[in-house]
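The following paragraphs lead the reader through selected features of one structure. Please keep the sequence and the three-dimensional view at hand while reading.

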Amino acid sequence: MKRYDAIKKIVESLSNEFIVCNLGAPSRELYNISDRDSNFYMLGSMGLASSIALGVALAQPKQTVWCIDGDGSLLMNLGSLSTIANNSPHNLTLIVIDNSSYGSTGDQKTYTSGKSKLEVIAKGAGFESITIIDKENEIIQGLKNLGAGCHFVLIKTQPGNAYVSIIPLLPEEIKTRFCKAMLNFRHP
Ligand SMILES: [Mg+2]
């Protein structure tokens, strides 16, 4: 399984969750699989998707937020794990697609290809719910099983990017439509 396959399964698992997605290839792949107003594509700041997702989850407690992050980006912002775990919003799932590489810059190896284990770091940071998925056909059920809470999900994949187009939206457009989608959201 590659990241693109994992994102497809994440999209198939969606009901009405808001997504904050890591920059670069992950956001482009998500855009091409399923663009939605309720997707926030981080275009410029590596490492900050999880921090932004935490802010959204805390500010909008009635909405469920999924963050799609990557191993390279999370390694740049490990402090975010402690901040999330200690605030522990009941509506946030941090999904880390770990392909052990910096995919957007040419698949250079990250330290998860060596000794570092993000799920162990997340546990030490205080996450109580940790799920590890390494099979594509387990993603949908794995995400459905979570329910309310503050969850850390690690999806282990192979390196490699899909050949997809860039996102033809300005950062301001992405932000504005995301905020509008939140304001207009009606709970089922
Ligand atoms: Mg990666």
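Arg177 is buried, since its relative accessible area is 15% (buried means under 20%, exposed over 50% and partly exposed in between, with a 1.4 Å probe and protein chains only). The model is a predicted one, in which local features need pLDDT of at least 70 and side-chain atom pairs count only at pLDDT 80 or more, while totals for chains, interfaces and linings use all residues. Residues are numbered from 1 along each chain as its sequence is written, and side-chain values use heavy atoms, with hydrogens and water left out.

Arg177 belongs to helix H8, residues 171–184; helices (H or I, at least four residues) and strands (E, at least two) are DSSP runs numbered from the N terminus. The side chain of Arg177 forms a polar contact of 2.6 Å with the side chain of Asp35. A polar contact is a pair of N or O atoms within 3.5 Å; within protein, one must be able to donate a hydrogen and the other to accept it, and residues adjacent in sequence count only if both atoms are side-chain atoms. Beyond its neighbours within four places in sequence, Arg177 is in contact (heavy atoms within 4.5 Å) with Asp35, Arg36, Asp37, Asn39, Tyr41 and Leu169.

Arg36, one of these partners, is found in the loop between H2 and strand E2 (39–41). Arg36 also counts as buried, because its relative accessibility is 16%. Its side chain reaches the backbone oxygen of Glu17 at 2.6 Å. Residues up to four places away in sequence aside, Arg36 touches Leu14, Asn16, Glu17, Ile19, Tyr41 and Arg177.

The helix pairs come next. Two packed helices are described by the angle between their axes and the distance between the axes. Axes are lines fitted to C-alpha atoms, for helices over the stretch in contact, and angles run from 0 to 180 degrees between N-to-C directions.

The axes of H1 (residues 3–12) and H2 (residues 25–33) come within 10 Å and cross at roughly 50°. H1 is therefore oblique to H2; angles under 35 degrees count as roughly parallel, over 145 as roughly antiparallel, 65 to 115 as roughly perpendicular and the rest as oblique. Arg3, Tyr4, Ile7, Lys8 and Val11 of H1 meet Ala25, Pro26, Glu29, Leu30 and Ile33 of H2 in this contact.

For H3 (residues 49–59) and H5 (residues 79–87), the axes come within 9 Å and cross at roughly 15°. These two helices are therefore roughly parallel to each other. Ser50, Ser51, Leu54 and Leu58 of H3 make the contact with Ser80, Thr83, Ile84 and Asn87 of H5.
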